[in-house]
Amino acid sequence: MSSEEKSNPLFVQEDDEGNNSSPEREESSTHKSINTIREEPEDANVESIEEEDDDPIINSFPIILNTVPSKSQSLHILQYPGRPKTRLLNEGAYKANIKEESNYLEVKVPLDTSKFFNVGKTEDWGEQIGEQGLHGVLNKSEGGLYVGQIINDGGHKKIVLTPVDSTAQLRASFKYIDDVDASNQAQRKAEVAESSKNSNIQILQTAAKSGNQITSTEGFGNALGESLRHIKKFEEEHWATLKWETSTSESAQEIKSSLANSADGIELTTKANLDSYINELTHY
Amino acid sequence: MAPSKRKAVKLEEAESDEAFQDLFQHEYRGKKLTDEINTVEDKWNLLPAFLKVKGLVKQHLDSFNYFVDVDLKKIIRANELVLSDVDPEFYLKYLDIRVGHKSSSAPGTKEVILPPHECRLRDLTYSAPIYVDVEYTRGRKIIMHKDLEIGRMPVMLRSNKCILDGINEKQMARFDECPLDPGGYFVVNGTEKVILVQEQLSKNRIIVEADEKKNIVQASVTSSTHERKSKTYVITKNDKIYLKHNSISEDIPIVIVLKAAGITSDLEILQLVCGSDPQYQDLFVVNFEEAAKLEVFTQQQALNYVGKRVKTIRRAGAPKLSILQEGIEAIATTIIAHLTVADLQFREKALYIATMARRVVMTMHNPKMVDDRDYVGNKRLELAGQLMSLLFEDLFKKFNSDFKANIDKILKKPSRTSEFDALLSINIHSNNITMGLNRAISTGNWSLKRFKMERAGVTHVLSRLSYISALGMMTRISSQFEKSRKVSGPRALQPSQFGMLCTSDTPEGEACGLVKNLALMTHITTDDEEAPIRNLCFVLGCENILGIDSATLHSRGNYGIYLNGTLIGTSRFPSKFVTEFRRLRRSGKLSEFVSIYTNTHQQAVHIATDGGRICRPLIIVKNNEPMVKAEHLLRLRNGEWAFDDFLTHGLVEYLDVNEENDSLIALYEKDLDPNQAITHLEIEPFTVLGAVAGLIPYPHHNQSPRNTYQCAMGKQAIGAIAYNQFRRIDTLLYFMVYPQQPMVKTKTIELIDYDKLPAGQNATVAVMSYSGYDIEDALVLNKASIDRGFGRCQVVRKNTIQLKRYPNHTKDIVSGMRVDEDGQPIFPHQALGPDGLGEIGARVENGQVYVNKCVPTNAGESVLGHNEQTPGAESHRETPAYYKGPEPSYVDQVMMSVSDNDQALIKVLLRQTRRPELGDKFSSRHGQKGVCGIIVQQEDLPFNDDGISPDIIMNPHGFPSRMTVGKMIELISGKAGVLNGTLEYGTCFGGSKLEDMSKILVEKGFSYSGKDMLYSGITGECLQAYIFFGPIYYQKLKHMVLDKMHARARGPRAVLTRQPTEGRSRDGGLRLGEMERDCVIAYGASQLLLERLMISSDAFEVDVCNKCGLMGYNSWCTTCKSFENVIKMTIPYAAKLLFQELLSMNIAPRLKLGDVF
């Protein structure tokens, strides 16, 4: 899977995007393939109609629409903000998990412990930290994003577009710190429980409020707010494991080539005229 | 009668614009169709075209229409389900809502109870039924029920639910309505109520303020959603930044909030807040230390930190949340509540908080980056529709929860005899919505439970003093700002209000600058759908914010794109983006009221689609050429085009205040300078003024406050009210008997139809001194003019009598008149007819009866036990309605009807005709008021060569200090108009030119200066000086001596204090106050005070105990229990009362008596 590294070193201006030599790694599993080649900033259709007098046509390419090889596969863009461009993504063993219902992706990346790594801290925490968990929500692109490849086919240049299912920004979650906190707290709780066991408290009377006092109209079954329900759903859902393929692997190469070449070769022409296109856009 | 009228409405074609017809006629203002069109001068024709489409109260109508057509459906969708706690199977779902027509009724049906005028007369509410379609379960079945009436909605007159919408003048007449009446108000319980436009700080936008003395910078945003309203602050404290919110008990360091929102990396926080600017970074860096000190590193730790500090207010029955859940809830829903967190994506909210922090950091670095609270672009106007929608949603929620409680009660019963039908219990409380809406509009108390908001004084009774006062009320904007606070900012004239709010029309005194008026050519937006605009932005090259990394967000040249204050993406080509967006808007592809502008300081492009923005149309200028050409105006004049065609063809566009700031607008075509990139051209400069200020001729020659004074006085002028004025029965109405349209008009006067319903008369004025009774702006009136009808007015007053029914089946009756021995009616009954009601045209004097009402003597008796009494044998006691007043009145109309609760309602209208008298108040249209000082016989007044004598003589001292040059020009233009047989114009920034007027005067053999030679009426000699002499439009103001004159020798006294009552209406005394008392003492007449204030008025004999010093009675001291030492003495009753009141609060004033001699 190739990742266009959008996150740059600290405060470096976003430079030209054509870093095509960026490491590519292919990952495909039985039901899902995550693949990105290059982000196309705009829908190509738009370019053709938003023409201006001071914006002359320099060159024209045939546009070919492609789909991912298998229906169970889909294309996603993964961004790694907070990770310098210089650090490549093709070293070590990668693991990926997904919670499909919640659109949540987790990638486990081996941690480079050679630099800027405080070994003493890990000893304090008493935990072996070898990998970094990167998490992110998959944002559905809803048909607005395509991956485009300019293919030089013997002098004839063409653009092959493949729809992108979603994008995700993956960030470190520092779960190991939370784990340490949790264990500390559990310990403290246990201690408190220990000490309070001896105290002689007698419960004289208990009263519980009956549950039928919910007066709000949406009260029924909606005790939790919407966001908390999402969290609950997220926590209840199980992680599904994805297979991580490096970009040099065979299957990855296969998919990559199929994305470039397997298109039916039918050139896209626009049927809509400018007016109806704009109407389509602006009327809800 | 109503049905036949309605049929007539349908038959005839809808044409409500007859009032505008003559503006579009073949020959208009001396210009024929064939005449050449001059773009420069004729572009003002766009203004009548605009007003034809929009009208002056269009903002109210638009807002109400939006409410009933769009907003109601949204409310229904937001509260669509009613579920039961008892039966999980049961549900009721609202599918649709309609006001005024059923799902089956033909399109265009408007179902209202009665025509509006009948509602006014019969004290009813002009309303239409609210129908909903519901789907619910009955047993196993799902049942659809259409057109279920859940209440009645008060209907705004002339809105699209009103029967007056789109009908022509003739049909209006059949409904007893005035075609010139603008509508936009409600009729509730017979009174006309206006929901004034409220001005507020815009919602869901970040406002940054700084207090330089305290070194505090704060960014605040008021989030408003359907459920809640809350305010979030990002503030500085000791140069560190915190987030503050009402529901969080202490301020949270900004870094912790951002971490809680999912930005865990310090680097990313720094990038989002500061970008790459090292100065911002230096300012912000302290905040990281704070978070580190608190040992908050991960999102979970941050959420726990926030969760621990949330003030929990849990509804009964809701589960208790863990600290972590509290934290999530706070970040996801409580803070910045208008952004919803979908799924687990906190990014948008995190970015919003980061943006607020960034604005704070920017302001810390450069204090000039603050926002101006008073800037009109930061204000939103809340109109009737929005207020009604808030109220309706509250009532609807209450309705549903009551309904649910009802269902639960029934479903809880273990065995039911019949199958449960939910609809049977929905109708029971259907009165709630109707009554709630009625009560709120009629009292003006807006209480919204879900926002815990109580607002009083939202509605006002529509002032029907004159046409212009009603119109002025409809365009009024009231500010929420506290009147008593001593800050000048909110009251000051804002440069940004140019063309949006009238620069002259504001009251004097405490509300000065807080109450404003709309300018003539303005529009107030309603909400537009956000989603299509958002999609459009992405198509136009905006990069989605979710795909942008933090480092590039604030990089140089990258502009953020904000939709209604929320960052949705960025663009590296903002100017291209804005141009493309504007082109789409100009081609009519998206709503013309969506505004877009660039803010270079914030590197932002702001798009606004929200409602309540003021905007106004302007002519687009391209390549230094206005887009509107002569051919377009020709089409407009020929009736081929309407105003909207100018919009769709991209010739004219609406700009709101923010976008105006992004444009360069030329006032006149001559200002189109090729060296400047001018983007727009003003349609007409005089539209900076509003409808009321537009009445003033030549206002640009007047000293500014004079125009403001006239705006206040124009609303007090007596004139024609409406075409249906004689059909109206209002509490108090003033009519002018012979109103005239002004000789010197303005274009505004024609546009708002003031010439059809004028309030004033053209008086011939001589500016000179006469008789000495003209000091202090007093006027000398000509008696002959008054005899001819100058300043004559009628005052009609309504008297309502209700005939009640009592629980014991007795009721009030009206009994006939009583006669004396000769068969003549007794004096109090002289005005009555045989039916016991005043006869039309009868004269009613003080102490006479106009309705001889009788109350049953046994009304209070119980219903039971008196069955043997036959209803016919009731005995009644007379409780007649007496007329009270110094001057007799005449019975004008008597109306008898049945009100809501089946009780008879009698309204008697009494009329007085008044001619001007000494002390009546008059004013010209230039803020120059004066009272009548003397009425002089015409033969004693000066006259000119033609024998014309003035109607009014005004003292010239009124001019030098007031500097109302406009009044002088009005006189000259008026005089030239009279001589020439034309009506002249005094339009602001234009009008008939003084040179032309002087030329006419000279041609007609008068002096160019407007001065005439006058002869004294007393001596017949020629006056020593030439007198400035000509017609000026004078208004008679409602303050008349007859309503105010008051004197009393002896009269009623208050029971408690034994002091005379206060006020004219209670026949009160005239107070000799503290200062007057001082005068008498200073004069040395203190014995006079003793005599007048005590001995002969307030003396009271008390028994004082010389031992204890307290007061007793009957020579008995209650404290000492003895007759000893009790001494009688005289003190003022007020003093005695004071002592007793002090005693009542545990202070014992003890009198120590000594010997006088």
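Strand β4 (residues 76–79) of chain A pairs in the parallel sense with strand β10 (residues 166–169) of chain A over 4 bridges; pairing requires at least two DSSP bridges between two strands. Strands are DSSP runs (E, at least two residues) and helices likewise (H or I, at least four), numbered from the N terminus. The bridge partner of His76(A) in β10(A) is Ser166(A).

This is a predicted model, in which local features need pLDDT of at least 70 and side-chain atom pairs pLDDT 80 or more, while totals for chains, interfaces and linings use all residues. Residues are numbered from 1 along each chain as its sequence is written, and chains are lettered from A and ligands numbered from 1 in the order in which they are written.

In a regular strand the side chains alternate between the two faces of the sheet. In β4(A), His76(A) and Leu78(A) point one way, Ile77(A) and Gln79(A) the other way, and all are buried (20 or more other C-beta atoms within 10 Å of the residue's own, with C-beta atoms placed from the backbone).

| Property of chain B | Value |
|---|---|
| Helices and strands | 33 helices and 51 strands |
| Box of C-alpha atoms along the principal axes | roughly 100 × 95 × 80 Å |
| Buried residues | 43% of the 1157 residues |

In chain B, helix α31 (residues 1074–1083) and helix α32 (residues 1086–1095) have axes that come within 7 Å and cross at roughly 135°. Therefore α31(B) is oblique to α32(B).

Key. Axes fitted to C-alpha atoms, helices over the stretch in contact; angles between N-to-C directions. Parallel < 35°, antiparallel > 145°, perpendicular 65-115°, else oblique. Buried ≥ 20, exposed ≤ 12 C-beta atoms within 10 Å, placed from the backbone.
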